[in-house]
Amino acid sequence: PQRRAPQRRAPQRRAAVAQKRKSSKYTENESDVDEKEEEGAGATSHAASRASRRLKSMTRTSFADVASDIDEEYAEASDEAKGTKKRPASRMNRNALERGRNKRARRAKNEIKIADIERWPEIKKEAISEVAQCILDHMELLDEHEDFRYPVVETVPNVAEAYLRRIAEPMDFRTIREERLDEYESIVELQDDLRLVFNNCVVFNGRGVFAKRAKFLWEQVNDIFVGACRETNTRLPRSWKHPR
C-alpha cells in the first residue's frame, strides 16, 4: 500500500496552536511568580513580627534601666543634700552604745553616793518596835524641810512619772511608819529602809540641794540609833563599837 504524505496544517491553525501554547506558558509563569511573592510576603511578615517583638523588649529593658539609674541618682543627691549618707547598721549600733556609755559615765560622775556606814547590831526582838519609833522621831526632827517625810509622788506630783521611771522602790518616813514598822524582824531592816530613802534622793537629784540634805541625814543615822537605844534602855552588844 502506498504511504500517505503527512498533511500540513493550515497557517491559521498553526498560528492558533502557537498562541495557545504561549498563553499557557505565561499562565504558569504568573502562578510561579504569585507563589514566590506570597512566600516572600510571609517571610517578610514573620521577620517584621520578630523585629517588632525584639524592639519592644529592648524598649522595656532600656526604660527599666533608665528608671533604675534615675532612682539611684536621686537617692544619692538627696543624701548629699541632707549631708547624712546612710551608714552601716553596725556602725550606728556602735555609736549608740558609745553614747549610752558616755551618758551613764557622766551621770555616775555627777551623782553623790551616800557613804557606807557601820551595820547596826542585833537587839532584842521585843525592843525593835520601840527603838524604831524613837529613831523615826529623831529623823523627822532633823528633816526640817520635810523632804523625806512623805512620798515624792504626793509632794511633787509634776515629777511623779519621771521619778517612778528612775526609782524602782520608793521609800519615805511615813511609809516606814505605817507599812513597814510592824513587820520588822530585825532592827537592821530599818537601817536598810533608811538607806533606801536617802539613796533614792541622791540617785534622782544628782548634785542638787536635796541630795546634800540626804547625805547629811544619812551620816547622822548611827548617832541617832545609839541615842534611841539609850532612851529606851536597850542594851547594845559589847562587841559592837560605834565609830565616831
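Asp 147 is buried, with a relative accessible area of 19%. Buried denotes under 20% relative accessible area, exposed over 50%, and partly exposed in between (1.4 Å probe, protein chains only). The model is predicted: local features need pLDDT of at least 70, side-chain atom pairs count only at pLDDT 80 or more, and totals for chains, interfaces and linings use all residues. Residues are numbered from 1 along each chain as its sequence is written, and side-chain values use heavy atoms, with hydrogens and water left out.

Asp 147 and Arg 213 form a salt bridge through their side chains (2.8 Å, N to O). This pair links distant parts of the chain, 66 residues apart: Asp 147 sits in the loop between H3 and helix H4 (152-155), Arg 213 in helix H8. A salt bridge requires a side-chain nitrogen of Lys or Arg within 4 Å of a carboxyl oxygen of Asp or Glu. Helices are DSSP runs (H or I, at least four residues), numbered from the N terminus. Arg 213 is partly exposed at 25% relative accessibility.

The search of the whole structure returns 11 salt bridges. Among them, Arg 177 pairs with Glu 140, with the closest N and O atoms 3.3 Å apart. Arg 177 lies in helix H6 and Glu 140 in helix H3, so this pair ties together parts 37 residues apart in sequence. Glu 140 is buried, with a relative accessible area of 17%. Arg 177 is partly exposed, at 26%. Asp 137 joins Glu 140 and Arg 177 in a network of salt bridges. Arg 149 bridges to Glu 146, again with the closest N and O atoms 3.3 Å apart. Arg 149 counts as buried at 19% relative accessibility, and Glu 146 as partly exposed at 39%.

Helix H9 (221-231) contributes buried residues, including Val 221, Ile 224, Phe 225 and Cys 229. The buried residues of H9 pack against helix H3 (128-142), H7 and helix H8 (209-219). Contact here means heavy atoms within 4.5 Å. Asn 233 follows H9 and has a positive phi, near 55 degrees.

Lys 241 lies in the segment after H9. Lys 241 is exposed, with a relative accessible area of 68%. Glu 183 lies in the loop between helix H6 (173-180) and helix H7 (187-205).

Key. Helices (H or I, at least four residues) and strands (E, at least two) are DSSP runs, numbered from the N terminus.
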